[in-house]
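Please look over the sequence and the structure shown here before reading on. The report that follows takes up a few selected features in turn.

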Amino acid sequence: MEKESKVKEIVKEKFTEYLIKNHHRRTPERYAILDIIYSDSRHFDMETLYQTMNDSNFRVSRATLYNTMQLLVKYKLVIQHQFGKNQSFYERAYNNDFHHHLICTSCGKVREDRDPTTKSLIENRKTRGFSATHYAVYIYGVCSSCQREQKKLLKEIKNQQKNK
């Protein structure tokens with residue numbers, strides 16, 4: 001828990017420096033949004049964040065939420081993802097261990113994969129004339145739950161055809 005508090009403190013300092021440097025207002029709402037984001041390591045969308053803020057009795061407008069999120073993404077304290085839908089998902093960026101995303105094309109569930117072999121392959125890859133600063137890997141497929149459901153459905157269809 002102490003590590004989490006230290007991370008929050010560091011991120012808050014970095015965000016404050018960014019806001020001052022770029023002449024943005026330092027409001028309690030912006031810091032509350034940052035705190036909520038860094039209190040949970042899971043992916044979230046804007047609606048979930050908005051609801052979490054309301055549930056925490058910290059009312060913010062959607063405009064404040066979107067504007068703050070743009071600042072956090074721009075300053076690279078939050079990462080924005082598109083997991084194949086027309087909706088953005090976010091996750092905290094600072095002190096976030098490497099991971100790749102496994103996205104089920106059937107149910108939309110996103111799972112994180114921390115396979116060091118994949119990380120090593122990507123980080124040791126040399127690309128002539130290009131120096132990578134960061135990367136994201138999205139692997140699309142069908143999760144085991146959906147595979148079971150699909151097999152079950154296929155079995156039911158075969159049984160129905162056999163009984164005709």
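Is the crossing of α3 and α4 left-handed or right-handed? In this predicted model, the crossing of α3 and α4 is right-handed. The residues that make this contact are M46, E47, L49, Y50 and M53 on the side of α3, together with R62, L65, Y66 and M69 on the side of α4. Sorted by class, the residues of the contact of α3 with α4 are 7 nonpolar and 2 charged, with no polar residue among them. As for the geometry, helix α3 covers residues 46-55 and helix α4 covers residues 62-74, and the two pack at an angle of about 120° with their axes 11 Å apart. That angle makes α3 oblique to α4.

A second pair of helices can be described in the same terms. The axes of α1 and α2 come within 11 Å and cross at roughly 145°, and the crossing of α1 and α2 is right-handed. From α1, the residues in the contact are K8, V11, K12, F15, T16 and L19, while α2 contributes R30, Y31, L34 and D35. Here the classes are 5 nonpolar, 1 polar and 4 charged residues.

H23, which lies in the loop between α1 (2-21) and α2 (28-37), has a positive phi of about 60° although it is not a glycine. K76, which is found in the loop between α4 and β1, also is not a glycine and has a positive phi of about 65°. The table sets out their values.

| Residue | Phi | Relative accessibility |
|---|---|---|
| H23 | about 60° | 74% |
| K76 | about 65° | 57% |

Because exposed means over 50% relative accessible area, H23 at 74% counts as exposed, and K76 at 57% counts as exposed.

H81 is found in strand β1, which covers residues 78-82. Is H81 buried or exposed? H81 counts as buried, because its relative accessibility is 3%, and buried means under 20%. The side chain of H81 is joined to the side chain of Y138 by a polar contact of 2.6 Å.

Notes: Residues numbered from 1 in each chain as written. Predicted model: local features only at pLDDT ≥ 70, side-chain atom pairs only at ≥ 80, totals over all residues. Heavy atoms only, no water. Helix = DSSP H or I, 4+ residues; strand = E, 2+ residues; numbered from the N terminus. Buried < 20%, exposed > 50% of the residue type's maximum accessible area, 1.4 Å probe, protein only. Polar contact = N/O pair within 3.5 Å; in protein donor to acceptor, adjacent residues only side chain to side chain. Axes fitted to C-alpha atoms, helices over the stretch in contact; angles between N-to-C directions. Parallel < 35°, antiparallel > 145°, perpendicular 65-115°, else oblique. Left-handed = near helix turned anticlockwise from the far one by under 90°. Contact = heavy atoms within 4.5 Å. Nonpolar A, V, L, I, M, F, W, Y, C, P; charged D, E, K, R; others polar.
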